[in-house]
Amino acid sequence: MTEKLIIKGGKSLQGIIKLRGAKNFVTKAMVAAILGDSASTLYNVPYIKDVETVSRLLELHGCSVEYKKAEGVLQINPANVLSPKIADIDILVGSSRIPILFCGPLLHKLGEAFIPNLGGCKIGDRPIDYHLESLRLFGAIIEKAKNGVKITAPDGLKGTKINLPYPSVGATEQVLLTACISDGVTQLSNAAVEPEIIDLINVLQKMGAIISVSTDRVITIEGVKNLRGFRHTSLPDRAEAASWANAALSTGGKVFVEGANQQDMTTFLNVFRKIGGEFDITDSGICFYHPGGELNSIPIETNVHPGFLTDWMQPLVVCLTQANGLSIIHETVYENRFGFTDALNKMGAKIQLYRECLGSVPCRFRQMNYKHSAAIFGSTHLKGADIEVPDLRAGFSYLIAALAAEGESRVSGVEIIERGYESFFDKLLALGADIELLQ
Ligand code: EPZ
């Protein structure tokens with residue numbers, strides 16, 4: 001059932017919000033718990049739809065899951081892992097890509113896995129070829145089925161050499177979760193090394209794994225016999241922190257994001273300052289604010305870590321509609337992440353999309369039919385409109401645009417935002433937003 005928000009724009013956001021663990025880490029740590037021969041406990045877990053989805057998936061696979069929402073503590077006992085009914089999994093998967101990461105742990109525990117066709121944000125094709133090729137190299141046998149893939153490992157899984165065509169976050173996680181208790185050593189080249197990946201390595205090391213990361217993005221995993229449960233506190237969600245920073249800047253406000261961590265956000269903070277935003281860093285979080293004056297247009301190119309995170313881009317676009325001059329964005333991670341700009345243009349923004357690589361490096365999408373570069377002319381006066389949320393980060397950018405616009409907006413499909421932003425409605429109210437949830 002779609003949920004609709006009425007937002008009256010023109011008010012600056014002022015106040016404090018509490019950030020909890022990273023959506024793109026906690027869901028992977030939950031899957032890692034299957035590998036343990038004892039229970040695991042995860043702290044700082046946000047109450048978001050993706051956590052609920054993975055909790056249900058774990059339960060369908062025989063694990064017991066207990067989540068204490070107020071404390072953000074999640075306990076998983078993998079003692080009775082079993083093969084679930086495919087129909088049950090199918091119903092659940094819809095909006096998530098996490099099920100593909102169950103392959104390695106289930107192959108180790110059960111010798112088989114069935115992965116339904118995946119969901120996730122519609123920001124590109126989201127193929128899983130790197131995942132499947134990696135599993136084959138470990139010795140898995142993969143059979144395409146009508147509604148997913150069936151995977152078996154009759155001779156077990158053996159350490160191997162894998163070179164990723166692109167430093168895919170998901171494929172790196174796939175290899176990490178499969179290699180830890182495979183027989184022998186695995187060498188993964190061109191790996192992703194995002195902070196969320198490093199925190200997953202921290203979890204696996206606590207469980208008993210032996211993993212090293214070299215300076216040239218090669219991750220080496222020495223297979224061990226078994227792993228035990230872990231106790232771990234998640235790193236904070238740097239994508240959510242940047243979203244609130246953009247909301248503060250776009251509305252001329254000041255928001256303290258408790259729990260935000262400078263170390264994971266260096267590249268974002270540099271861009272935020274170049275545009276004309278300011279921030280104060282404390283031990284307990286980061287205060288983002290508009291210091292007054294004009295905002296500046298700039299060129300941005302998204303990239304893998306330590307580059308500008310692609311999930312920071314969509315909420316930032318609204319700030320750039322408020323900046324003087326022509327900003328250019330070259331999105332090099334996903335081929336189709338600018339579809340959401342049509343609605344911003346309907347509100348009065350001036351954004352044009354291009355197939356060319358408008359950045360410093362030609363990327364994988366050069367000469368292909370993808371509009372993956374954008375020119376944003378500002379500053380423009382945004383007016384409220386009726387808009388529909390297409391994906392998670394675009395959804396938050398629409399909230400920002402409606403908050404910054406003159407007049408009233410009706411934003412529908414906001415339940416998608418609950419996938420990755422814990423209690424965003426309450427947080428907006430606490431920051432003084434003039435919003436109402438339409439039943
Ligand atoms: C993770 O997605 C995040 N999602 C994404 O966040 C994030 O944008 C992305 O990493 C990059 O940082 C989760 O962690 C749940 P990829 P993932 O594999 O793992 C191509 C958000 O808003 N590719 O690094 O799916 C792929 O098509 C979400 O929180 C293949 O071609 O990203 C894309 O172009 C959005 N074949 C590129 O690699 C494969 O087998 C990067 O994808 C796998 C990926």
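Arg217 is placed in the loop that runs between strand E11 (210-213) and strand E12 (219-222). In this predicted model, the phi angle of Arg217 is near 65°, which is a positive value in a residue other than glycine. Most residues other than glycine have a negative phi. Another residue with a positive phi that is not a glycine is Ser423, where the angle is about 45°. Ser423 also belongs to a loop, the one between strand E23 (408-412) and helix H13 (424-430).

Two peptide bonds deserve a look as well. Most peptide bonds are trans. The bond from His305 to Pro306, however, is cis, and its omega is near 5°. Pro306 is part of the loop that links strand E18 (299-301) to helix H10 (310-321). The bond from Gly378 to Ser379 is cis too, with omega near 0°. To find Ser379, go to the loop between strand E21 (373-378) and strand E22 (386-388).

From the backbone we turn to the open spaces in the protein. The largest pocket has a volume of about 1,100 Å³. It is lined by 47 residues, and those closest to its centre are Arg97, Arg126, Val169, Gly170 and Tyr334. Several helices supply at least two residues each to the lining of this pocket: H1, H5, H6, H8 (238-250), H10 and H12 (392-404). The helix that gives the most is H1, with 4 residues. Sorted by class, the lining of the largest pocket holds 20 nonpolar, 9 polar and 18 charged residues.

The ligand sits in this largest pocket. The elements that give two or more residues to the shell around the ligand are helix H1 (23-32), helix H5 (129-138), helix H6 (169-179) and helix H10 (310-321). In total, 23 residues surround the ligand, and the closest of them are Lys28, Asp129, Ser168, Asp311 and Val333. By class, this shell is made up of 9 nonpolar, 5 polar and 9 charged residues.

In Lys23, an N or O atom of the side chain is 3.0 Å from an oxygen atom of the ligand. In Lys28, the corresponding distance, again from a side-chain N or O atom to a ligand oxygen, is 2.7 Å.

The largest cavity has a volume of about 40 Å³. The residues that line it are Leu57, His61, Ile89, Pro99, Phe102, Leu106, Phe114, Ile115 and Pro116. Strand E6 (residues 112-116) accounts for the largest share of this lining, with 3 residues. By class, the cavity lining has 8 nonpolar residues, 1 polar residue and no charged ones. The lining of the largest pocket, by comparison, includes 18 charged residues.

Notes:
Residues are numbered from 1 along each chain as its sequence is written. This is a predicted model: local features need pLDDT of at least 70, side-chain atom pairs count only at pLDDT 80 or more; totals for chains, interfaces and linings use all residues. Side-chain values use heavy atoms; hydrogens and water are left out. On a 1 Å grid over the protein atoms alone, a cavity is a set of points where a 1.4 Å probe fits but cannot get out, and a pocket is an open set with protein on both sides within 12 Å along at least five of seven lines; lining residues have an atom within 4 Å of a point. Grid points are joined across faces, edges and corners, and a volume is the space filled by probe spheres set on the points. Ala, Val, Leu, Ile, Met, Phe, Trp, Tyr, Cys and Pro count as nonpolar, Asp, Glu, Lys and Arg as charged, and the others, Gly among them, as polar. A residue is near a molecule or strand if one of its heavy atoms lies within 4 Å of it. A polar contact is a pair of N or O atoms within 3.5 Å; within protein, one must be able to donate a hydrogen and the other to accept it, and residues adjacent in sequence count only if both atoms are side-chain atoms. A molecule sits in a cavity or pocket if more than half of its atoms lie within 2 Å of its grid points.
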